[in-house]
Amino acid sequence: MRFAIITHALHKHKNQSFYAYEPYVREMNLWLENVSETRIVAPISKEKISEIEVAYNTNAITVEIIPAFNVLSLKTKIISIFKIPFILFQIIKTCFWADHIHLRCPGNVGLLGCFVQILFPSKPKTVKYAGNWDPKSKQPFSYRMQKWIVSNTFLTKNCKVLVYGEWENQSKNIIPFFTASYVSNEIIDLSEKDFSSKINFIFVGAFTKSKQPLLSVKVIEKLLTKNIAAKLDMYGNGLEFLNVKGYVEQNNLSENVVLHGNKSKEVVKKAFQKAHFLIFISKSEGWPKVVAEAMFWRCLPISSKVSCVENMLGNGNRGTIVESNVKENEIVTIIENYIKNKNLYKKQVLDAKNWAQQYTLEKFSLEIKKLLLNE
């Protein structure tokens, strides 16, 4: 099978291998197990490969290089006018070549792919919509446009659209799906976590305003004023990193809040295994993989009501769901209630672990194979 991937994911090339963001590559490696040849339409960067980027498992890959683009300012909009015709040409050429077309949405390249795939009604297609599919959520126009095109079965034919969560009144080509991070032989017996000494918290994700990393820091600060021994390990990087670092230093929190930056999957896995709670109050998500990963390792999530989080947390039976505008005092109260009610904490941790450990990479691989081979 000749497999085409249309994506905005930034790729890098080294020693005859292509690299990209680790969670994306980990998933795509499972798709590529079922195909003979792959062409990827994606931008290429010459920057150094980072700790959170890995190589595809196969070298049977060709990358049709396109320029990265955005329409965030008047200048970039004008520049994009000159880039888009070439990008469309690369997408069309690749779709003609392919036996199966796979779109990664939402994104600027995915949007162009959504328009192009209309020209290929007879070719089998899959769309992985990695953003928030919630019909009631406020989203950029380009995201709403992609959702409308791929769910419109008149425009988008012979296509399965994979979305996070189960939503009412969806077209017949919309398929609830999931993402996995670990294989079954990684599962180990972890001892119960109690509150007899220090309570460990974790934040994993991009340091952006929408992920609200500073809110997690302020929760720890408030707990310390209440003489609750707490430590927060933070993994990730982004535009808000220096702001968070400055706040930690100015408020003498360096012993209790540790900013690790981007680290490998294995390092973060060990941190989850040690942590009691994940604090992840995001304003925008697709499949919040850090929530699922925390649950997998007996780390209880306190997370915002966004995308499919309510479904993941069993409407509050496998962790606590809050609004994205929650204040640190409210989160502190939630934590204090868990400390007072240790049996509730233990029950929810166990329920969360049992739910998350259903979704292994083996199951994920099997479901992907069904999608590709049972067309």
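**Close-up views of a predicted model**

**View 1. Surroundings of Ala180.** Leaving aside neighbours within four places in sequence, Ala180 is in contact (heavy atoms within 4.5 Å) with Arg26, Tyr359, Thr360, Leu361 and Phe364. The structure is a predicted model, in which local features need pLDDT of at least 70 and side-chain atom pairs count only at pLDDT 80 or more, while totals for chains, interfaces and linings use all residues. Residues are numbered from 1 along each chain as its sequence is written, and side-chain values use heavy atoms, with hydrogens and water left out. Ala180 lies in the loop between strand E10 (174-177) and strand E11 (199-204); helices (H or I, at least four residues) and strands (E, at least two) are DSSP runs, numbered from the N terminus. With a relative accessible area of 2%, Ala180 is buried. Buried means under 20% relative accessible area, exposed means over 50%, and partly exposed is in between (1.4 Å probe, protein chains only). Arg26 is 154 residues from Ala180 in sequence, and the C-alpha atoms of the two are 9.2 Å apart in space.

**View 2. Helices H1 and H12.** The axes of helix H1 (residues 22-32) and helix H12 (residues 361-373) cross at roughly 50 degrees and come within 9 Å. Axes are lines fitted to C-alpha atoms, for helices over the stretch in contact, and angles run from 0 to 180 degrees between N-to-C directions. H1 and H12 are therefore oblique to each other. Angles under 35 degrees count as roughly parallel, over 145 as roughly antiparallel, 65 to 115 as roughly perpendicular, and the rest as oblique. The crossing of H1 and H12 is right-handed; a crossing has this hand if the near helix is turned clockwise from the far one by less than a right angle, and is left-handed if anticlockwise. On the H1 side, Arg26, Glu27, Leu30 and Trp31 meet Leu361, Phe364, Ser365, Ile368, Leu371 and Leu372 of H12. These residues divide into seven nonpolar, one polar and two charged. Ala, Val, Leu, Ile, Met, Phe, Trp, Tyr, Cys and Pro count as nonpolar, Asp, Glu, Lys and Arg as charged, and the others, Gly among them, as polar.

**View 3. Helix H3 and its crossing with H2.** Eight of the 10 residues of helix H3 (residues 108-117) are buried, so H3 is largely enclosed by the rest of the structure. The buried residues are Val109, Gly110, Leu111, Leu112, Gly113, Cys114, Val116 and Gln117. Helix H2 (residues 74-97) and H3 have axes that come within 10 Å and cross at roughly 55 degrees. That makes H2 oblique to H3. H2 passes H3 in a right-handed crossing. Ile84, Ile87, Leu88, Ile91, Ile92 and Cys95 of H2 meet Val109, Leu112, Gly113 and Val116 of H3. By class, this contact has nine nonpolar, one polar and no charged residues.

View 4. A cis peptide bond, with omega about -5 degrees, joins Cys105 and Pro106. Pro106 is found in the loop between strand E7 (100-105) and H3. The structure holds zero disulfides, a disulfide being a pair of cysteine sulfur atoms within 2.5 Å. For Cys105, the closest cysteine sulfur is that of Cys114, 3.8 Å away and too far for a bond. Cys105 is buried at 3% relative accessibility, and Cys114 is buried with a relative accessible area of 0%.

**View 5. Helices H5 and H6.** The axes of helix H5 (residues 213-225) and helix H6 (residues 241-250) come within 9 Å and cross at roughly 15 degrees. That makes H5 roughly parallel to H6. Their crossing is right-handed. Pro213, Leu214, Val217, Lys218 and Glu221 of H5 make the contact with Val244, Tyr247 and Val248 of H6. Six of these residues are nonpolar, none polar and two charged.

View 6. Asn158, a residue other than glycine, has a positive phi near 55 degrees. Asn158 is placed in the loop between helix H4 (141-151) and strand E9 (159-164), and is partly exposed, with a relative accessible area of 42%. Arg298 is not a glycine either, and its phi is positive at about 60 degrees. The loop between helix H8 (289-296) and strand E15 (300-304) holds Arg298, which is buried, with a relative accessible area of 14%.
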